[in-house]
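Please read these notes with the sequence and the model open side by side. They start at the ligand and then go through selected residues.

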Amino acid sequence: MNAVINLKNVVLETDRLILREWQETDLNDFFEYASVDGVGQMAGWQPHKNIEESTFVLDMFIREGKTFAVVLKENNKAIGSVGIEKLSTEIDGYENMSGRELGYVLNKDYWGQGLMPEAVKAVINYCFKTVDCDYLLCSCSPQNRQSARVMEKRGFRFVLEKTRKLTDGTTRAARYHILDNPNR
Ligand SMILES: CC(C)(COP(=O)(O)OP(=O)(O)OC[C@H]1O[C@@H](n2cnc3c(N)ncnc32)[C@H](O)[C@@H]1OP(=O)(O)O)[C@@H](O)C(=O)NCCC(=O)NCCS
């Protein structure tokens with residue numbers, strides 16, 4: 001079952017990053033990375049074609065209150081997102097436990113600096129210590145080694161491969177990884 005998430009006024013801090021709710025003033029930063037070819041496709045959505053498309057998704061982020069903006073401290077720029085999404089699959093043995101599914105994207109200019117593992121670590125702590133999550137899931141396509149590396153670095157273990165429906169309506173194979181709350 002899904003843990004209850006409400007990121008209103010929640011702010012997480014790491015060495016290099018602030019994670020906070022999305023704001024309307026983040027629009028240009030969001031469009032900058034969401035419109036780049038080869039970024040969104042890896043997470044199951046097409047690059048944004050215009051600023052209106054980014055406005056629509058940004059409004060949804062703000063309304064739904066389950067997606068962090070990842071802000072780089074050194075330039076105060078929103079360079080990515082971490083969503084604490086509803087579960088897209090059941091895992092045998094976890095039916096009565098409370099969980100969520102993480103999804104993340106980073107501006108291509110900032111890849112390879114360990115920024116997303118740093119952000120995900122803070123979100124895991126939040127989910128396990130502040131929110132009542134017994135476990136977290138995360139999934140990526142079999143080809144997406146970059147995303148799988150983030151999961152491995154954060155201690156997730158492979159649990160299931162199955163076909164998944166994406167936000168753009170297509171389906172593809174997804175490799176699910178799981179992390180148990182060590183305090184349970
Ligand atoms: C997945 C993603 C968030 C990783 O963020 P990150 O902060 O770059 O993560 P890391 O720095 O730990 O790098 C992870 C792996 O990416 C690969 N990588 C690093 N720099 C790279 C670059 N410039 N180009 C391509 N791959 C690169 C490396 O394999 C690295 O693993 P390693 O540290 O063992 O060498 C980022 O690649 C991204 O936004 N990808 C597109 C969206 C996506 O796939 N989201 C997940 C959907 S399931």
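1. Which element gives the largest share of the shell around the ligand? Helix H5 does, with 5 residues. Helices (H or I, at least four residues) and strands (E, at least two) are DSSP runs, numbered from the N terminus.

2. A word on the basis of these notes. This is a predicted model, in which local features need pLDDT of at least 70 and side-chain atom pairs count only at pLDDT 80 or more, while totals for chains, interfaces and linings use all residues. Residues are numbered from 1 along each chain as its sequence is written, and side-chain values use heavy atoms, with hydrogens and water left out.

3. The ligand shell. The ligand is surrounded by 21 residues, and the closest are Tyr104, Gly114, Gln146, Arg149 and Lys153; a residue is near a molecule if one of its heavy atoms lies within 4 Å of it. The shell divides into 12 nonpolar, 7 polar and 2 charged residues. In that division Ala, Val, Leu, Ile, Met, Phe, Trp, Tyr, Cys and Pro count as nonpolar, Asp, Glu, Lys and Arg as charged, and the others, Gly among them, as polar.

4. Polar atoms at the ligand. A polar side-chain atom of Lys153 is 2.6 Å from an oxygen atom of the ligand. For Gln146, an N or O atom of the side chain lies 2.8 Å from a ligand oxygen atom. Gly112 has a polar backbone atom 2.8 Å from an oxygen atom of the ligand. On its own the ligand has 930 Å² of accessible area, and the protein covers 74% of this (Shrake-Rupley method, 1.4 Å probe; for residues, only the protein chains shown count as cover). The elements that give two or more residues to the shell are helix H2 (40-43), strand E5 (99-106), helix H4 (115-130), strand E6 (135-140) and helix H5 (145-153).

5. Met151. This residue belongs to helix H5. Met151 counts as buried, because its relative accessibility is 1%; buried means under 20% relative accessible area, exposed over 50%, and partly exposed in between (1.4 Å probe, protein chains only). Beyond its neighbours within four places in sequence, Met151 is in contact (heavy atoms within 4.5 Å) with Tyr104, Cys138, Ser139, Cys140, Phe156 and His177.

6. The cysteines. Cys138 is buried, with a relative accessible area of 2%, and Cys140 is buried at 7%.

7. Glu118. This residue sits in helix H4 and counts as buried at 16% relative accessibility. Its side chain makes a polar contact of 2.7 Å with the side chain of Thr14. A polar contact of 2.7 Å also joins the side chains of Glu118 and Arg16. The term means a pair of N or O atoms within 3.5 Å; within protein, one must be able to donate a hydrogen and the other to accept it, and residues adjacent in sequence count only if both atoms are side-chain atoms. Not counting residues up to four places away in sequence, Glu118 touches Thr14, Asp15, Arg16, Leu17 and Arg154.

8. Positive phi values. Asn9, in the segment before E1, has phi near 65 degrees, a positive value in a residue other than glycine. Asn9 counts as exposed at 66% relative accessibility. Asn76 has a positive phi near 55 degrees and lies in the loop between strand E3 (67-72) and strand E4 (77-85). Asn76 is exposed, with a relative accessible area of 61%.
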